[in-house]
Amino acid sequence: MAASDEVRATTPAEDAAMLRALELAARGPVRGPNPRVGCVLLTRDGRTIGEGWHRGAGTAHAEVAALGDARAAGHDVRGATAVVTLEPCDHTGRTGPCTHALLAAGVARVVHAVDDPDPAAGGGARRLRAAGVDVVGGVRRAEGEALLETWLHAVRSGRPWVTLKTATSLDGRVAAADGTSRWITSTEARADAHRTRAVVDAVVVGTGTVLADDPALTVRHGADAARPTEGRADQGGADQGGAEDDAGQGAVAPAPLRVVVGHRAVPDGARLHGPGGELVHLRTHDVDAVLAELAARGVRHVLVEGGPTLASAFLRAGVVDELHAYVAPVLLGAGPIAVGDLGVTTLADAPRWSVRTTRQVGPDVLVVARPARPAPSTRPTREVPPSLSPGAVTPPGDPVPPEPASEA
Ligand SMILES: NC(=O)c1ccc[n+]([C@@H]2O[C@H](COP(=O)([O-])OP(=O)(O)OC[C@H]3O[C@@H](n4cnc5c(N)ncnc54)[C@H](OP(=O)(O)O)[C@@H]3O)[C@@H](O)[C@H]2O)c1
């Protein structure tokens, strides 16, 4: 049986430890190139002697953290069972391979939830087995995959997970006939949207939105990037960018990359040049090239915040994995709509979406939906064309001073 299919007998203590390891994993940073991983070390008779989780790229992996925790408490780790949410890596990155650490520690058994799909890091189970360790995979796999959904998608497909946010009137418009667009959705909806920014690696808009709305694309409204997303079934809402990017209030978290797509320049005085995440300007209309460039930068989760031209391009490319549609109870009757031509000429060809959640946010409604059919999006992204010249013009992670609430 392939390692990826196996679930052999585990003890009740191991199952409970896996649930605990999943809790520990969720303490790790939601953002960043590395997966969230938790680990619990058990004695042969099922007592917990160590716990650990990965705190982000460059820090100890969960297994190493758990071994350190056990040793610090004076426990003998030889013969222990490591219960870990992701297959131990067999790869030297900024830290050494977990397989080496587990073997050096004399761990006798490894129980893991999810096989590591990363060709560079995978193969840990095989290595451990070859060294005589008893390895069981696939334990609580569904829970493990749910926790790592966007990371797994990015590693398996070679391109980031894409969330598209729209904020519209009941009749699907993003601005009135005269172009006024602040604000269609409520303060609550915009605050909700900032919580999504806090869990993504990059926020993307087109040059049209930059020129029309001068968005800052920072994480505000008290959203906290370091905070895991427990209790947020949809991993957040979306809003902002363009018409809905307001000056918020509250604590400011380190911001995700701010990405502008399109040939026109970002004006010198634009708020995007101010404090916030690194600004990356990609002078292209090629959606695959944008995603390839972001993947190369370690981006696992992208939030596309519009406007309509860019939203349509991502939809036409079939790369939108989740749609966050905020709908405000207002009718405009005229003005631009959220999405342009998708190449659909007859109803039978219209791509259908499957609603995952609906939620009232203040006076507005958030609909979270995914393509009803798998999007043709799992193909690897192409090489970045040499003509693409990303330009980083602000350093990442600068603090953003609280801005006055501009909600009228
Ligand atoms: N309610 C909302 O959710 C929301 C969100 C954002 C914006 N908006 C509103 O949307 C309006 C701006 O709309 P917009 O459509 O101009 O904004 P946009 O989609 O942000 O920008 C469009 C521009 O991006 C460039 N571009 C990048 N990729 C492209 C591609 N694949 N195909 C074609 N062009 C591409 C083009 O400019 P270049 O010539 O520079 O290449 C294009 O004109 C504003 O009124 C804003 O308030 C609303």
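This is a predicted model: local features need pLDDT of at least 70, side-chain atom pairs count only at pLDDT 80 or more; totals for chains, interfaces and linings use all residues.
**Entry 1: two helices.** I looked up how helix 2 (residues 62–72) sits against helix 3 (residues 98–105), and found that they pack at an angle of about 30°, with their axes 9 Å apart. Angles under 35 degrees count as roughly parallel, so helix 2 is roughly parallel to helix 3. I noted that their crossing is left-handed. Then I asked myself which residues meet there. From helix 2 I listed E63, V64 and L67, and facing them in helix 3 are C98, A101, L102 and A105.

**Entry 2: the core.** Next I turned to the largest nonpolar core, which has 103 residues. Which members touch the most others? They are A21, C39, L41, A82, V83, V259 and F314. Domain 1 (3–147) and domain 2 (158–392) both give residues to this core, so I picture it lying between them.

**Entry 3: A82 up close.** I picked A82 and set aside its neighbours within four places in sequence. That left contacts with C39, L41, E63, A66, L102, V107 and V110.

**Entry 4: K165.** Is K165 buried or exposed? I found 27 C-beta neighbours inside 10 Å, so K165 counts as buried. K165 is found in strand 6 (residues 161–169). I also checked K165 against V368: they are 203 residues apart in sequence, yet 9.3 Å apart in space, C-alpha to C-alpha.

Terms used:
Residues are numbered from 1 along each chain as its sequence is written. A nonpolar core is a set of buried Ala, Val, Leu, Ile, Met, Phe, Trp, Tyr and Cys residues joined through C-beta atoms within 7 Å. A residue is buried if 20 or more other C-beta atoms lie within 10 Å of its own, exposed if 12 or fewer, and partly exposed in between; C-beta atoms are placed from the backbone. Domain bounds come from an automatic or database domain assignment. Two residues are in contact if their C-beta atoms, placed from the backbone, lie within 7 Å. Axes are lines fitted to C-alpha atoms, for helices over the stretch in contact, and angles run from 0 to 180 degrees between N-to-C directions. Helices (H or I, at least four residues) and strands (E, at least two) are DSSP runs, numbered from the N terminus. Angles under 35 degrees count as roughly parallel, over 145 as roughly antiparallel, 65 to 115 as roughly perpendicular and the rest as oblique. A crossing is left-handed if the near helix is turned anticlockwise from the far one by less than a right angle, and right-handed if clockwise.
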